[in-house]
Amino acid sequence: MNPSTSTEQAAEQAPEHAAESGGNGSGISSHAWLGDALPDVVLTKAQSRVVEVIRRNPQLSSYADIAEIAQRADVNSSSVVRTAQHLGYRGWPDLQRELRSRYLVMISTEDTLTEHGETRSPLYEAITHDIENLRLTLDSNTPEEAEAAIAALAAAKSITVVGIGSFAGPASVMAHLGSTMGYPISLENRGGPHLASGTNNLGPGDVLVVINMWRSVKQIIIAAEAAKQAGATVIAISDLRRGRLATAADHLLVVASEGISFFQSVTAANSLVYGLLAGMEAAHPERSRATIRRTQQLWKDLDIYLD
């Protein structure tokens, strides 16, 4: 047996809470940037070293490969994976996606340009990066989680979809196509009094879909919490597995949202929405097809399209 492996396995057997870390070279507080990403659970010595590396090195933890994290923590890669799973994640990629989402919130929007570096081929790099976002999103959600969300949508008395700014894009797609297939679905892409009026009547039997990535919008979070308290079902599409929105959600679907410039990507969120819509159509095929036929006839009657 390799002596270093033997030493590490022995360390894995000794539980302890991770030590409190001090500052880090990034200028970001080791606690502030993590928020509630790492739960307060009992850790082995090896796991504590992995957590300490994460706490002290926001940028490294957000972008380094698993081998570098393992080297910094003086453990092997499998210990990093086990640490991520012990903390409630599917594995290191799932935990790192969460860490990177939080790190990008903590730095300025302008600093994200520095973080991403120069883009030599924007089209190629954007598409390549979104392919990775889609892979991470697929790995972050189980078929059972998606089916549970679809079942809630299919049984809803009414559906309200909320998304603001860039994230109004996938929200608009969901509301438009959901309405096209006959669902009682509406879009709220504004804040303030509009958001209050659009969600104040939600209760049992209603579903609120919240699409929010990058920085958590306070008004949306409060609206989601109020809807849940009133008895509505909350479905959250977010890049964070933990936080106030995740806590308020009855169904949480996690997406990767990092872009290649100063803005986030909604490609994975759109793809996830398309999957939900396909499931909603399959749940009520006769109603969906009848409504689609009426919609197509209205297109002709209203003379909308050239053809």
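Buried means under 20% relative accessible area, exposed means over 50%, and partly exposed lies in between (1.4 Å probe, protein chains only). Helices (H or I, at least four residues) and strands (E, at least two) are DSSP runs, numbered from the N terminus. The model is predicted: local features need pLDDT of at least 70, side-chain atom pairs count only at pLDDT 80 or more, and totals for chains, interfaces and linings use all residues. Residues are numbered from 1 along each chain as its sequence is written, and side-chain values use heavy atoms, with hydrogens and water left out.

H9 spans residues 143-154. Its buried residues are Ala 149, Ile 150, Ala 152, Leu 153 and Ala 154. The twelve residues of H9 should span 16 Å at 1.5 Å a residue, and the end C-alpha atoms are 16 Å apart, which agrees. The expected span of a helix is 1.5 Å times one less than its number of residues. Buried positions in H14 are Ala 268, Ala 269, Asn 270, Leu 272, Val 273, Leu 276, Leu 277, Gly 279 and Met 280.

The chain as a whole contains 15 helices and seven strands. Of its 307 residues, 46% are buried. Contact means heavy atoms within 4.5 Å. Among contacts with a separation of 6 or more, 73% join residues 24 or more positions apart. The accessible surface of the chain comes to about 15300 Å². Carbon and sulfur atoms hold 55% of that surface. Accessible areas come from the Shrake-Rupley method with a 1.4 Å probe; for residues, only the protein chains shown count as cover.

Two packed helices are described by the angle between their axes and the distance between the axes. The axes of H2 (residues 45-56) and H5 (residues 77-86) come within 9 Å and cross at roughly 85 degrees. H2 and H5 are therefore roughly perpendicular to each other. From H2, the contact uses Gln 47, Val 50 and Val 51; from H5, Val 80, Arg 82, Thr 83 and His 86. These residues divide into three nonpolar, three polar and one charged. Here Ala, Val, Leu, Ile, Met, Phe, Trp, Tyr, Cys and Pro count as nonpolar, Asp, Glu, Lys and Arg as charged, and the others, Gly among them, as polar. Axes are lines fitted to C-alpha atoms, for helices over the stretch in contact, and angles run from 0 to 180 degrees between N-to-C directions. Angles under 35 degrees count as roughly parallel, over 145 as roughly antiparallel, 65 to 115 as roughly perpendicular and the rest as oblique.

Two serines were examined individually. Ser 77 belongs to H5 and is partly exposed, with a relative accessible area of 31%. Ser 77 touches Ile 66, Ala 67 and Ala 70, not counting residues up to four places away in sequence. Its C-alpha atom is 9.8 Å from that of Asp 65, twelve residues apart along the chain. Ser 186 sits in strand E4 (residues 185-188) and is partly exposed at 35% relative accessibility. Neighbours within four places in sequence aside, Ser 186 contacts Ile 159, Thr 160, Val 161 and Ala 175. The C-alpha atoms of Ser 186 and Val 161 are separated by 6.2 Å, and these residues are 25 apart along the chain.

Thr 109 is partly exposed at 33% relative accessibility. Leaving out residues up to four places away in sequence, Thr 109 touches Trp 214 and Phe 262. Phe 262 lies in the loop between E7 and H14 and is partly exposed, with a relative accessible area of 45%. The C-alpha atoms of Thr 109 and Phe 262 are separated by 5.8 Å, at 153 residues apart along the chain. For Phe 262 and Glu 110, 152 residues apart, the C-alpha separation is 6.6 Å.

Most residues other than glycine have a negative phi. Trp 214 has a positive phi near 60 degrees. Trp 214 is in the loop between E5 and helix H12 (218-229) and is partly exposed at 23% relative accessibility. Asp 303 also has a positive phi, about 55 degrees. Asp 303 lies in the segment after helix H15 (285-301) and counts as exposed at 61% relative accessibility.
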